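Please keep the sequence and the structure at hand while reading.

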Amino acid sequence: MIQLTIDDRSVEVAEGRTLLEACREHGIAVPTLCHHPALKPYGACRLCVVEVSAPPPPGDRRPRPARLAAACAYPCEPGLVVCTHSDLVQRSRRITAELLLAGAYTSPEIQALARSLGVEAPRYRRPEADTCVVCGLCVRACREIVGVGAISLTRRGLAKRVSPPFDEPAASACIGCGTCVLICPTGHLTLADVAGFRSLHTGADEARQYCQACGDQDLTPRGMADVPAVLAPAAASAAQKEKAR
Amino acid sequence: MLKTPPSPLEAAPAPANGRDPQLHQLADLADWRAALTAADQPNQPAITVCGGTGCRVYGSERVCQALQRELAARGDGRPVRVTGCHGFCERGPLVVLHPQRLMYTRVKPEDAAEIAAATVDGGRVLDRLLYTEPQSGARLPYETEVPFYKHQHRLVLDLNGTLDPLSLADYVAAGGYAALAKALALTPAAVIAEVKASGLRGRGGAGFPTGQKWDLCRRQPGDVKYVICNADEGDPGAYMDRSIMEGNPHRVLEGMLIGAYAIGARRGFVYIRNEYPLAVKHLRAAIAQAEARGLLGENILGSGFDFRVSVRLGSGAFVCGEETALMASIEGRVGEPRPRPPYPAEAGLWGKPTNINNVKSWAAVPLILANGADWYAQLGTPTSKGTLIFSVVGKINNTGLVEVPLGISLRRLIFDIGGGIPGGKAFKAAQIGGPSGGCIPAEHLDTSIDYESLTALGAIVGSGGLVVADEDTCMVDFARYFMQFTQEESCGKCVPCRVGTQAMLATLERICAGHGQPGDVDYLLELGEMIKRSSLCGLGQTAPNPVLSTLRYFRAEYDAHILHKRCPAKVCKGLITYAIQPERCSGCQVCLRNCPAGAIHGAKQQIHTIDPAVCTRCGLCQSVCKFDAVTVN
């Protein structure tokens, strides 16, 4: 067992636990977004930050200043002093929630999360709303639980998004199990049956159609319009209808 | 899989010189060095041509070929070598005649014939190619007299101007790998004690004591350990690591060998960005030579110590300079940082204890071992020992690569070595530490450059990029530039960095465009502090520094933009207008013809006017006007 101090309480936890697990075992509430108990710690959303002061290592008398660390990924160490609701922690969580809301301001789930931390409206709004908060839960669940790895996070920075390999319209490795959809905190991902094929869609997708000519189950309306009439009279007539509209 | 064809720069290195012997034991190395130095007279004439990337762009390779042709035509046997970066990039291409160290600047291939005829044959100095001191107008023939070099303390860069980077023999003759031989005769613990005693701190930016870091890694259980050289230098305007690897790759390898021996690692990686083709080529050549001679491989110099080094190429992500992202990239995963602990010393590459140091740290290690910890610790301040390498760029006369002892004042660095600000303009600020660093204003010019002093001022030593701003630089725009860089380079994993940097950038852009609002400064301060404290890795934790430090020292400029809708430096396009002064305008129509927006009107011999609604504020009219008639307000 490891002894540490959380919010002025001395607590004992089993070896190998994270701070978040220790807090939850002892009934201390810590907000999370990218964390899931069945997945490995990721430390990306920064909502679970707590103030950590580590005891100085042996032979080093300099006191270590308190710093913010993600509780979900920080291993419990003997002698740690942790504060889960200090002013600094709360300011940090509020800013993080506000920044989440800056992009996902249309998501009721993120609005509720922000409100629970005392944030009503973001001071900065991204030009386009996006319900994906890049928490990576879907990607990690697909890889770690399902063992498929049909989707991953691609690109970087603000362009980072959930995508099948090489930005293909459909994840060819997807088995349609729906774990990603279930775990997605904002409803950004959906499964849809198109012409008898179940495939994964994101909030940003265009509607996909089934081409009877080639069997491609995932054509965009524009792609459908390009199908030559001789190959697929059905597709061509669908495309014509599209154009007529 | 598609295979990229090898570029000419990456082609296999030339086969090692047939004379180079196999080195089976310590004595073989010493014998070889003795043979090399006996064959070479110490003061033998030679000519070196700077082969740093800057000088190469200016055509230094053609200069070298022209000199070789001229000397060959004369039957003169002195060697003409392309070396690594000499540092004085502002005056390149540089040609130095040894042993006098006579330095010619801005040499063109056409000058080769005259150099050969006058200086090589006649012993005459060519005045027109000498360095001219801007203030006094004095022409200084010798490298050692030039203030740019005179005030420096070149330890790590000492051989950059003399060695052929592709020659192991050159490095060995200059004392190379003697430090390795010395280390192999010591116990690993004694090597670490020596590095600890030297006071060397990590030159990648964070300044963690190197010896302590090695010790932490050495004490970890397990017999598989790794050492990594972080050569993913990506700060705008920084090229210190690049120049060391281009000019003296063996010194980096020797440092890694010593570190690996001390830590107990048998495998090393150099993670280097692919945008440095010359550094990659030289490093690969150095590894091949060291392997061929037995300096890398099994039972090195008969010591029983095995070590191999592989090169891994970065693919252009700034964040991969962060150690955990770098290791993920080496492992073949997405270059994203992960939370620490565990630290690399506990669980690094493939979960094994790993020691990562910057190129400059590794390159300092052989010097410490060869000359002793006390020798190294003589330089610097009580807490920051040794030398630092800066790439000094921006609004400064002597752009280049400088090495100075820690503790030197910023004033000496910028005015004595850097030669001050061009055009007689006033110094405004120096951005130290690149996009992670902060700016230091004129009132702190006398601050000592060391880890503690710079941190107290809101800047960091960082990796050594130093960008100088003069009175014409708008500090809001300056901060905006660095914010844009970090925003673009954020990996996007954690929320504060991904969205927070974008929120700060959008606010700065709004301020620069003239749409600043009274609460903006407070918002930037609040957001900046929280991004620093909440972000996952060093990139986010330092990204707000340029904004926070400009807010600290140049708050008035922010207020001028926001409250008075005025850009004091007349840079921000949304806040300036160009106008033609009627009393100066000659009606020559030069501005009118050059204006890409068609915003200037006026017949020949008539006073011209600029239509502010059409004007794009490109400033071309001002730069082409011969009568200084275009002014900015």
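## A helix pair in chain B

In this predicted model, helix 18 of chain B brings Met475(B), Phe478(B), Ala479(B), Phe482(B) and Met483(B) into contact with Pro546(B), Val547(B) and Thr550(B) of helix 22 of chain B. Sorted by class, the contact between helix 18 and helix 22 of chain B comprises 7 nonpolar residues and 1 polar residue, with no charged residues.

The packing of two helices is described by the angle between their axes together with the distance between those axes. For helix 18 (residues 475-489) and helix 22 (residues 545-553) of chain B, the axes come within 8 Å and cross at roughly 165°. Since angles over 145 degrees count as roughly antiparallel, helix 18 and helix 22 of chain B are therefore roughly antiparallel to each other. The handedness of the crossing between helix 18 and helix 22 of chain B is left-handed.

## The four-stranded sheet of chain B

Chain B contains an open sheet of 4 strands in the order 2-1-3-4, and its pairing is mixed. Strand 2 (80-83) and strand 4 (102-104) of chain B are the edge strands, each of them pairing on one side only. From one strand to the next, the twist averages 25°. Helix 3 (residues 60-74) of chain B packs on this sheet and touches strand 1 (46-50), strand 2 and strand 3 of chain B, while its direction makes about 170° with that of strand 2 of chain B.

Within the sheet, strand 1 and strand 3 of chain B pair in the antiparallel sense over 4 bridges, and strand 3 (residues 95-98) of chain B also pairs with strand 4 of chain B in the antiparallel sense, here over 3 bridges. Leu97(B) takes part in both descriptions: Ile47(B) stands opposite Leu97(B) in strand 3 of chain B, and Leu97(B) in turn stands opposite Leu102(B) in strand 4 of chain B.

## Turns and backbone features in chain B

Strand 3 and strand 4 of chain B form a hairpin with 3 residues between them, and in its turn Arg101(B) has a positive phi of about 65°. The loop between strand 3 and strand 4 of chain B also holds Pro99(B), and the peptide bond that leads from His98(B) to Pro99(B) is cis, with omega near 5°.

Another cis peptide bond runs from Arg340(B) to Pro341(B), with omega near -5°. Pro341(B) lies in the loop between helix 13 (323-330) and strand 10 (354-358) of chain B, and Trp350(B) is likewise found in the loop between helix 13 and strand 10 of chain B. Although Trp350(B) is not a glycine, its phi is positive, at about 50°.

## A hairpin in chain A

In chain A, strand 8 (residues 189-194) and strand 9 (residues 197-202) pair in the antiparallel sense over 6 bridges. Across this pairing, Asp193(A) stands opposite Arg198(A) in strand 9 of chain A. The hairpin formed by strand 8 and strand 9 of chain A has 2 residues between the strands, and Ala195(A) takes a positive phi near 50° there.

## Domains of chain B

The domain assignment divides chain B into domain 1 (26-146), domain 2 (168-377), domain 3 (387-473), domain 4 (476-562) and domain 5 (577-632). Taken over C-alpha atoms, the centres of domain 2 and domain 4 of chain B are separated by 34 Å. Their contact takes 9 residues from domain 2 of chain B and 8 residues from domain 4 of chain B. On the side of domain 2 of chain B that touches domain 4 of chain B, the residues are 6 nonpolar, 1 polar and 2 charged.

## Where the two chains meet

How many residues does each chain give to the contact between chain A and chain B? Chain A contributes 24 residues and chain B contributes 25 residues. On the side of chain A that touches chain B, the elements giving two or more residues are strand 4 (67-70) and helix 2 (87-103) of chain A. Helix 2 of chain A gives the most to that side, with 8 residues. By class, the residues of chain A on the side that touches chain B divide into 14 nonpolar, 5 polar and 5 charged.

Methods: Residues are numbered from 1 along each chain as its sequence is written. Chains are lettered from A and ligands numbered from 1 in the order in which they are written. This is a predicted model: local features need pLDDT of at least 70, side-chain atom pairs count only at pLDDT 80 or more; totals for chains, interfaces and linings use all residues. Two strands pair if DSSP finds at least two bridges between them. Axes are lines fitted to C-alpha atoms, for helices over the stretch in contact, and angles run from 0 to 180 degrees between N-to-C directions. Two residues are in contact if their C-beta atoms, placed from the backbone, lie within 7 Å. Angles under 35 degrees count as roughly parallel, over 145 as roughly antiparallel, 65 to 115 as roughly perpendicular and the rest as oblique. A crossing is left-handed if the near helix is turned anticlockwise from the far one by less than a right angle, and right-handed if clockwise. Ala, Val, Leu, Ile, Met, Phe, Trp, Tyr, Cys and Pro count as nonpolar, Asp, Glu, Lys and Arg as charged, and the others, Gly among them, as polar. Domain bounds come from an automatic or database domain assignment.
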